[in-house]
Amino acid sequence: MTQRILPNDQQWMRHALALAARGKGFVEPNPMVGCVIVRDGKPLAEGYHEKFGGPHAERQALAALPADCDPAGATWYVTLEPCCHTGKTPPCSDAVIAARPQRVVIAAVDPFSEVAGGGIAQIRAAGIDVEVGVCEAEANRLNAPFIKRVRQQKSWVIAKWAMTLDGKIATHSGNSQWISGEASRRRVHEVRGQVDAIVTGIGSVLADDPTLTARPPGPRTAARIVLDDKAELPLNSTLIKTRETAPVYAVVRSDAPQQRIDALRKAGVGVIVNESRTRSGGVEQLLTWCHDQGMTNLFLEAGAGAMASFFEADAIDEYHVYVAPKLIGGSAAPGPLGGQGLATIAESPAMEPLQVESIDGDLFITTRRTNR
Ligand SMILES: NC(=O)C1=CN([C@@H]2O[C@H](COP(=O)(O)OP(=O)(O)OC[C@H]3O[C@@H](n4cnc5c(N)ncnc54)[C@H](OP(=O)(O)O)[C@@H]3O)[C@@H](O)[C@H]2O)C=CC1
Ligand SMILES: Nc1c(N[C@@H]2O[C@H](COP(=O)(O)O)[C@@H](O)[C@H]2O)[nH]c(=O)[nH]c1=O
Ligand SMILES: [Zn+2]
């Protein structure tokens, strides 16, 4: 069988990827998946995985077919290999085969062990042409947090900070509200509403008494996690006062005062004891713990100290940096990453090229560690 990529394959797959992305924040810990059914150069139907527990993209596309339309002989574009296992919904590979396509084009293989090529094999075994790898890099990029969760049993980390043009996240007195403008902060709240947890440090809690909720609320409610070595989270903090809105956790060292730990627990805070001797070890342990809780995306909104413990553990996958046209100056005013820092530029971790967007006078810069 000769496999080949046809001229419009990428165009249809990009459309399917755009559909898939609409599921962001709604489908996790599932992957985002989109599907377009095309015949004679025209879309017959399309769909995407809209909600965790709901129908997969392929079944959504089938359900969107006009009542009198038999899709036999069509080409299917699916951003992720159709599943071949019964999870919360029956296998999509069966539904695809039953629709008698002429060809199925898939962007990426599903790394989930119960699929992992099995869906592709079943469709091929039914005598249908299958092309794999069209827009693969884009598809894997879209689902990088899902892939990390499946392969490494750890959650994906997005570090976010707002800084002045001279690279400061606060003044020497600790004042930082607000560096970025309103439109930028609205964007931050959108992300807060899509992630599973917002992680901060005790320094930020003591300085800002933050709420760390999505306002307005998004599709999911993030837990709030405070890196709090000595269990200092104040019992009258806004985080604890709003614990009914979203859960609060404190990550404490094993030698933190027991009466503080007890007081936090009594106040409804989940206490995660860092069993490792190092901060890096604590960060790794936290990412595994978050995975075990079913979390896909963590949003790190912290000061220089907590940010440094993630940076030093090489635990940041993605960066969201807001640069505002403000200047603070002063060598005592912190930059985003504290700690010892690196000795040479050559040691800087490999990063993807920056993507830059202008938001009402601020710059919104995003990037990722290479190959994540
Ligand atoms: N512009 C911006 O985007 C932001 C600015 N800020 C500003 O930053 C300043 C606060 O910065 P900073 O004091 O560095 O605060 P952080 O929020 O970074 O908290 C630092 C503290 O967190 C604890 N900590 C760090 N890593 C770990 C870990 N792995 N496990 C457990 N505990 C850990 C340490 O506590 P200990 O020392 O007790 O061991 C450390 O001192 C404020 O002025 C705030 O306004 C804050 C957030 C965002
Ligand atoms: N100063 C600063 C930010 N600071 C972050 O927002 C937190 C306060 O959140 P909340 O209490 O929920 O409004 C604060 O502790 C810190 O993590 N964020 C930004 O987008 N831009 C800014 O200029
Ligand atoms: Zn499926």
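Modeller: Let's begin with S180: a polar atom of its side chain lies 2.7 Å from a nitrogen atom of ligand 2. That makes a polar contact, meaning a pair of N or O atoms within 3.5 Å (within protein, one must be able to donate a hydrogen and the other to accept it, and residues adjacent in sequence count only if both atoms are side-chain atoms). R215 uses its side chain instead, placing an N or O atom 2.8 Å from an oxygen atom of the ligand. On its own, ligand 2 has 520 Å² of accessible area, and the protein covers 91% of that (Shrake-Rupley method, 1.4 Å probe; for residues, only the protein chains shown count as cover).

Before we go on, keep in mind that this is a predicted model: local features need pLDDT of at least 70, side-chain atom pairs count only at pLDDT 80 or more, totals for chains, interfaces and linings use all residues, and side-chain values use heavy atoms, without hydrogens or water. Residues are numbered from 1 along each chain as written, while chains are lettered from A and ligands numbered from 1 in the order in which they are written.

Back to the shell. There are 16 residues around ligand 2, and K160, S176, I179, S180 and R215 come nearest (a residue is near if one of its heavy atoms lies within 4 Å). By class, the shell has 6 nonpolar, 4 polar and 6 charged residues (Ala, Val, Leu, Ile, Met, Phe, Trp, Tyr, Cys and Pro are nonpolar, Asp, Glu, Lys and Arg charged, the others, Gly among them, polar). Helix 7 (182–192) gives the largest share, 3 residues, and strand 6 (156–164) also supplies at least two. Helices (H or I, at least four residues) and strands (E, at least two) are DSSP runs, numbered from the N terminus.

Strand 6 also leads us to helix 6 (residues 144–152). The buried residues of helix 6 are A144, P145, F146, I147, K148 and R149, where buried means under 20% relative accessible area (exposed is over 50%, partly exposed in between; 1.4 Å probe, protein chains only). Strand 6 is part of what covers them, as are helix 5 and helix 11, among others.

Now for another site. An unreviewed UniProt entry places a "binding site" at H56, C83 and C92; positions follow the numbering used here, feature names are shortened, and annotations may be inferred rather than shown by experiment. The three are spread over 37 residues of sequence, yet they cluster in space, with a largest C-alpha distance of 9.0 Å. H56 sits in the loop between strand 2 and helix 2. Leaving out neighbours within four places in sequence, H56 is in contact (heavy atoms within 4.5 Å) with H49, C83, T89 and C92. C92 belongs to helix 3, and it counts as buried because its relative accessibility is 0%. With the sequence neighbours again left out, C92 touches H56, E58, R59, P82 and C83.

H85 is in the loop between strand 3 and helix 3. At 17% relative accessibility, H85 is buried too, and its contacts beyond four places in sequence include P90 and F112.
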